[in-house]
Every structure is written in C-alpha cells, then in structure tokens.
Amino acid sequence: MVSRPTPDPVAPGQESVWDYPRPPALRTVDDLVTVVLGGVEVCETRQSIQVLETSHPPTYYLPRDAFVAGVLRQAGGSSFCEWKGEASYLDVLGGDRVAKRAAWYYPSPNGRYAALRGHVALYPGAMDYCLVDGERVEPQPGGFYGGWITSAVSGPFKGIPGSQGW
C-alpha cells in the first residue's frame, strides 16, 4: 500500500494541491492564458475553467472558440474519466508543428462537470509553451496527466516516480 506523501510547504500566495478535493472541483478563473505552438499563438483567453483534484496541479480547460480557427483537428481515440465521462482527442496545429493527440474535450460531460462542454484541455508539455498571467507553465510530470504547474501551487504532484498509488 502506498501512503499519502507529506505535502510540500505552502508559501504566501500558494495553495497546496493536497487541499484540492476528490472528486475534482471546477473553478472559473480570469487569468490570461496564452498557448504557443510552432512559434504561433494558437490560443489566448481570460475565460478558463480549472479542474482541481487532490495531488494534481490545475488542469486548464480553455473555451474552444478562444483557439485560432483551424488549429484544432479531430484525432482518433477516446478515454474515460470516472467523473467527467468520455473524452475525445484533438491534434493541435501551430506554425509548422502538429502536436498529435495533445488536447482533449468532453462532448457530453457528466452532470456536475457540464460546464466543461465547449472547452478544450491540452498537455502543456506538447506545446512550445503555455503562459498563465505571463508565467511559463511547467507540465505535470509523468506524461499522462495534463496539469499546469505555476508558482501558485505546491506539491508534490502526482506523476512523479512512486506516485502511481496516490
């Protein structure tokens, strides 16, 4: 059995991901989010929804209409979240780059997550970079999760070695 890790200290202005709930909560934020791929800005918005889940940095869901026309392309495959439902995947196109299956959305999110309809999440590590209010985002470790690490959150974060059972 894997035990819960000791949360990192929380600095002024930070929140611990260990205080986030399970099942996850949604929070609307007006942070300026900018996404760049292939040297091209593919999305900019101040209307994001964060999904906040225990041990994970926030995952940002961006309004689909905030993306530049033509930068999102339907991709194959799907996955299932026990809370949000079935997700579909998207390729993200920017400049001369194609980030395959780098974004996802819920066409028909379950009940309490209905606000995610019309929003797209993406893996920040698959982009050139993502910014939140001018701060460069670090991707959540491990490659499977889509959390965005900024100075506003303290960990440790699920995805690091040894965290599979958290």
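Q: What makes strand β3 and β4 count as paired?
A: 5 bridges join β3 (residues 33-37) to β4, and the two run antiparallel. Pairing takes at least two bridges found by DSSP, so β3 and β4 qualify. One of the bridges puts V33 across from T45 in β4. Strands here are DSSP runs of E, at least two residues long, numbered from the N terminus.

Before going on: this is a predicted model, where local features need pLDDT of at least 70 and side-chain atom pairs count only at pLDDT 80 or more, while totals for chains, interfaces and linings use all residues. Residues are numbered from 1 along each chain as its sequence is written, and side-chain values use heavy atoms, with hydrogens and water left out.

Q: Why do β4 and β12 stand at the edges?
A: The open, antiparallel sheet runs β4-β3-β11-β12. β4 (40-45) and β12 (135-136) each have a single partner strand, so one side of each has no neighbour in the sheet.

Q: Why is the pair of W18 and W166 called edge-to-face?
A: Rings of Phe, Tyr and Trp (its six-membered ring) pair with centres within 6.5 Å; planes under 30 degrees apart are stacked, over 60 edge-to-face, the rest tilted. The W18 and W166 centres are 5.4 Å apart with planes at 65°, so edge-to-face it is. W18 sits in the loop between β1 (15-16) and β2, and W166 in the segment after β15 (153-154), so the pair ties together parts 148 residues apart in sequence.

Q: What makes the aromatic pair of Y60 and W148 tilted?
A: Its planes are 35° apart, with 4.7 Å centre to centre, and that angle falls in neither the stacked nor the edge-to-face range, so the pair is tilted. Y60 is buried at 3%, and W148 is buried at 1%.

Q: How do you know that R101 lies over the face of Y89?
A: A charge sits over a ring if NZ of Lys or CZ of Arg is within 6 Å of the ring centre and within 35 degrees of the ring normal. R101 is at 4.1 Å from the Y89 ring centre. R64 also has its charged end over a ring, that of Y105, 4.9 Å from the centre.

Conventions
Helix = DSSP H or I, 4+ residues; strand = E, 2+ residues; numbered from the N terminus. Buried < 20%, exposed > 50% of the residue type's maximum accessible area, 1.4 Å probe, protein only.
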